[in-house]
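Hello,

Here is the structure I promised to pass on to you. Have a look at it first, and then read on for what turned up in it.

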Amino acid sequence: MTDLIVIGAGPAGCAAALMAASLGQQVTVVEADKVGGKLHDIGALENVPGAWAAGPALAQAIAADLARIQQSGRCTLLEGRAVSVAGHDDRAEAVLEDGRVLAADTIVVATGVAAVTPAAADWITAPDSLDLPPLWRARPEDLRGRTYVLGGDRPLGTWLRSHPDVTRRLHVLYPAADHYKTDEVRGDDRVRLSLADRVTVARERYGEGYEVAVEGPEGHRTFAVDTLLGNLGSQPAALEGLTQGADGYCRPEVQHPRIMTAGDLRSARFQRIATAQGSGAEAALCRYYGSARLADQPR
């Protein structure tokens with residue numbers, strides 16, 4: 001039994017752990033991959049206070065913060081993947097993939113979001129086995145020949161800012177729902193934006209490329225594509241036991257009182273590093289003062 005379990009060691013989860021440790025609480029952080037999460041693959045941080053230029057440097061600083069509170073004895077970093085959470089009258093529990101069960105006064109779930117796959121996009125027809133590399137992880141040297149991007153989500157602008165010297169043109173096919181997201185790159189000569197009602201993707205019979213058929217305002221067109229990347233947005237990485245809204249996101253106010261959600265998991269509207277950090281710290285504070293108020297009540 002510990003004071004706080006934090007699931008996910010990205011910006012939100014680490015902020016929650018740091019805040020709780022600063023209040024003298026014992027924290028267990030559960031992370032399946034590496035501290036810093038997606039920060040390691042973000043090339044430009046224009047809207048994050050502190051003059052951070054790129055994600056890896058911020059991830060390194062956050063990892064150092066977590067190591068500091070580990071050395072103080074107030075935090076334990078546990079490698080593992082959580083699969084479910086549950087709130088009870090006297091505790092909250094997290095179950096890990098290997099069967100371990102962790103208990104605490106409170107759990108903060110900061111598992112973030114996962115990339116939408118082509119099979120899950122209603123405007124794309126593609127083999128179920130098609131697993132496209134995400135644009136935001138692509139390096140300039142990964143782009144060969146004719147390069148197409150499926151989806152106009154905001155990592156497109158971040159990628160272009162991260163690689164100002166890249167001259168290769170990206171052909172971006174996107175649905176009407178992404179139209180407002182593409183405004184920031186509409187004037188960039190390295191991008192050709194094409195609105196699409198329906199896209200069908202098939203592997204070329206010969207070679208390593210793709211055949212992409214597009215139906216949209218410009219008519220029906222078919223292209224041979226050498227490099228195909230995904231930029232389809234994200235979906236919440238919700239654990240079993242969380243209360244999800246119709247959009248799949250997990251708002252903090254509808255969870256069990258001992259289970260808090262923070263970061264990108266809360267809403268599609270607040271998927272920013274700065275707001276993730278703030279929500280993680282707020283989650284730790286909210287439960288801390290809530291517990292303090294309960295302790296002060298006469299029995």
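Buried, in what follows, means under 20% relative accessible area, while exposed means over 50% and partly exposed lies in between. Please keep in mind that this is a predicted model.

Let me start with helix α1. By that cut-off, nine of the twelve residues of α1 are buried, so the helix is mostly covered. The buried ones are Pro11, Ala12, Gly13, Cys14, Ala15, Ala16, Ala17, Ala20 and Ala21. The length of α1 (residues 11-22) also works out: at 1.5 Å a residue, its twelve residues should span 16 Å, and the end C-alpha atoms are 16 Å apart, which agrees. After α1 comes glycine 24, with a positive phi near 85°.

Glycine 80, by contrast, is 62 residues from leucine 18 in sequence, and their C-alpha atoms are 20 Å apart.

Next, leucine 229, which you will find in strand β15 (residues 227-230). Its relative accessibility is 3%, so leucine 229 counts as buried. What does leucine 229 touch, residues up to four places away in sequence not counted? The partners are Leu132, Pro133, Leu135, Ala138, Leu143, Thr147, Tyr148, Val149 and Leu150. For one of these, Leu135, there is also a C-alpha separation from leucine 229: 5.4 Å, across 94 residues of chain.

Helix α3 (residues 155-162) has its own buried residues, namely Leu156, Gly157, Trp159, Leu160 and Ser162. The cover over them includes β10 (170-174) and β11 (191-195).

How many cavities of 30 Å³ or more does a search of the whole structure find? There is one, and the space in this largest cavity is about 40 Å³. Around the largest cavity sit Asp3, Leu4, Gln25, Asp105, Thr106, Ala284, Arg287 and Tyr288. The elements that give two or more residues to its lining are β1 (2-7), β6 (101-109) and α4. Here again α4 has the largest share, with three residues. By class, the cavity lining divides into three nonpolar, two polar and three charged residues.

A polar atom of its side chain lies 2.8 Å from the backbone oxygen of threonine 243. Thr243 is also among the residues that glutamine 255 touches, together with Leu242, Cys250 and Thr261, once residues up to four places away in sequence are left out.

Two further loop residues are worth a look. Serine 267 is in the loop between β17 and α4. Is serine 267 buried or exposed? Serine 267 has a relative accessible area of 17%, so it is buried. A polar atom of the serine 267 side chain lies 3.0 Å from the backbone nitrogen of arginine 269.

Alanine 51 is in another loop, between β2 (27-31) and α2 (55-71). Phi of alanine 51 is positive, near 60°, in a residue other than glycine. At 77% relative accessibility, alanine 51 counts as exposed.

Notes
Residues numbered from 1 in each chain as written. Predicted model: local features only at pLDDT ≥ 70, side-chain atom pairs only at ≥ 80, totals over all residues. Heavy atoms only, no water. Helix = DSSP H or I, 4+ residues; strand = E, 2+ residues; numbered from the N terminus. Expected span 1.5 Å × (residues − 1). Buried < 20%, exposed > 50% of the residue type's maximum accessible area, 1.4 Å probe, protein only. Contact = heavy atoms within 4.5 Å. 1 Å grid on protein atoms, 1.4 Å probe; cavity = no way out; pocket = protein on both sides within 12 Å on 5 of 7 lines; lining within 4 Å. Points joined across faces, edges and corners; volume = space filled by probe spheres on them. Nonpolar A, V, L, I, M, F, W, Y, C, P; charged D, E, K, R; others polar. Polar contact = N/O pair within 3.5 Å; in protein donor to acceptor, adjacent residues only side chain to side chain.
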